[in-house]
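This briefing goes through one chain by topic, from overall make-up down to single residues. Cut-offs are given where a term is first used.

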Amino acid sequence: MQKILTRFLNLNVWVQIVFCLCMVGALTNTVLVARDIFNDGILLRLHIGFLILYAGQVVFILLEERQVWALAVLQGIMALLTNADFTCMPLVRFVGNIIYTLWPEPSLEYMKVYRYLMTSSAFTLQLLSAFILFSLLPKSTVTKPVAD
């Protein structure tokens, strides 16, 4: 446990934020998978897929594997195609709650614009998290064997 905490604390602050958002996503999808198992949910496969993506990102971030950005991009594409689960959804939902507080009775046109803006901002933040993982995690050091 001490090694995991040390690895986490040695990460860049932005990578730590992405890591925490991935942990929230993994825990959320764990609850959704359990709910789907007990209630014969039709979205079980989707939730398992996102759980695997989140768990993979958590593990590879702690291993400081730079190629984890590919999982973040894959998750973004899957979420965009299914309108499901982006890494930064907790932030987007927070902003959405503030907007709903300011305009409690939106029109249908407003709802369409809101959905478009929230989806595009969530996808943009997803790609930003992939860029953060790519640029702030260290490059892999491949050692070449020394010729005798």
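In which helix is the place of S129? S129 sits in helix α6, helices being DSSP runs of H or I with at least four residues and strands runs of E with at least two, numbered from the N terminus. The model is predicted, and local features need pLDDT of at least 70, side-chain atom pairs count only at pLDDT 80 or more, and totals for chains, interfaces and linings use all residues. Residues are numbered from 1 along each chain as its sequence is written, and side-chain values use heavy atoms, with hydrogens and water left out.

**Overall make-up**

- The protein chain holds six helices and zero strands, and its elements run α-α-α-α-α-α from the N terminus on.
- The C-alpha trace of the protein chain spans about 75 × 35 × 30 Å along its principal axes.
- Of the 148 residues in the protein chain, 31% are buried; buried means under 20% relative accessible area, exposed over 50%, and partly exposed in between, with a 1.4 Å probe and protein chains only.
- Among contacts (heavy atoms within 4.5 Å) with a separation of 6 or more, 67% join residues 24 or more positions apart.

- Not counting residues up to four places away in sequence, S129 touches V18 and A72.
- A polar atom of the S129 side chain lies 2.6 Å from the backbone oxygen of Q126. This is a polar contact, defined as a pair of N or O atoms within 3.5 Å; within protein, one must be able to donate a hydrogen and the other to accept it, and residues adjacent in sequence count only if both atoms are side-chain atoms.
- S129 and A55 are 74 residues apart along the chain, and their C-alpha atoms are separated by 15 Å.

**The pair α4 and α6**

- Two packed helices are described by the angle between their axes and the distance between the axes.
- The axes of α4 (residues 69-82) and α6 (residues 108-136) come within 8 Å and cross at roughly 170°. Axes are lines fitted to C-alpha atoms, for helices over the stretch in contact, with angles running from 0 to 180 degrees between N-to-C directions.
- The two helices α4 and α6 are therefore roughly antiparallel to each other; angles over 145 degrees count as such, under 35 as roughly parallel, 65 to 115 as roughly perpendicular and the rest as oblique.
- On the α4 side the contact is made by W69, A72, V73, Q75, G76, I77 and L80, which meet T119, F123, Q126, L127, S129, A130, L133 and F134 in α6.
- The residues of this contact divide into 10 nonpolar, five polar and no charged. Ala, Val, Leu, Ile, Met, Phe, Trp, Tyr, Cys and Pro count as nonpolar, Asp, Glu, Lys and Arg as charged, and the others, Gly among them, as polar.

**Helix α2 and its ends**

- With 27 residues, α2 reaches 39 Å from its first C-alpha to its last, close to the 39 Å expected at 1.5 Å a residue; the expected span is 1.5 Å times one less than the number of residues.
- At the start of α2, a side-chain oxygen of N12 comes within 2.8 Å of the backbone nitrogen of W14.
- Buried residues of α2 include V15, V18, F19, L21, N29 and D36, and the buried residues of this helix pack against α1 (2-9), α3 (44-62), α5 (89-102) and α6.
- Q16 is found in α2, which covers residues 13-39, and counts as buried because its relative accessibility is 16%.
- A polar atom of the Q16 side chain lies 3.4 Å from the backbone oxygen of L11.

- H47, F50, Y54 and Q57 are among the buried residues of α3; the buried residues of α3 pack against α1, α2, α4 and α6.

**Positive phi in two loops**

- D40 lies in the loop between α2 and α3, and its phi is near 50°, a positive value in a residue other than glycine.
- D40 counts as exposed because its relative accessibility is 66%.
- E64 lies in the loop between α3 and α4 and has a positive phi of about 55° although it is not a glycine.
- With a relative accessible area of 27%, E64 is partly exposed.
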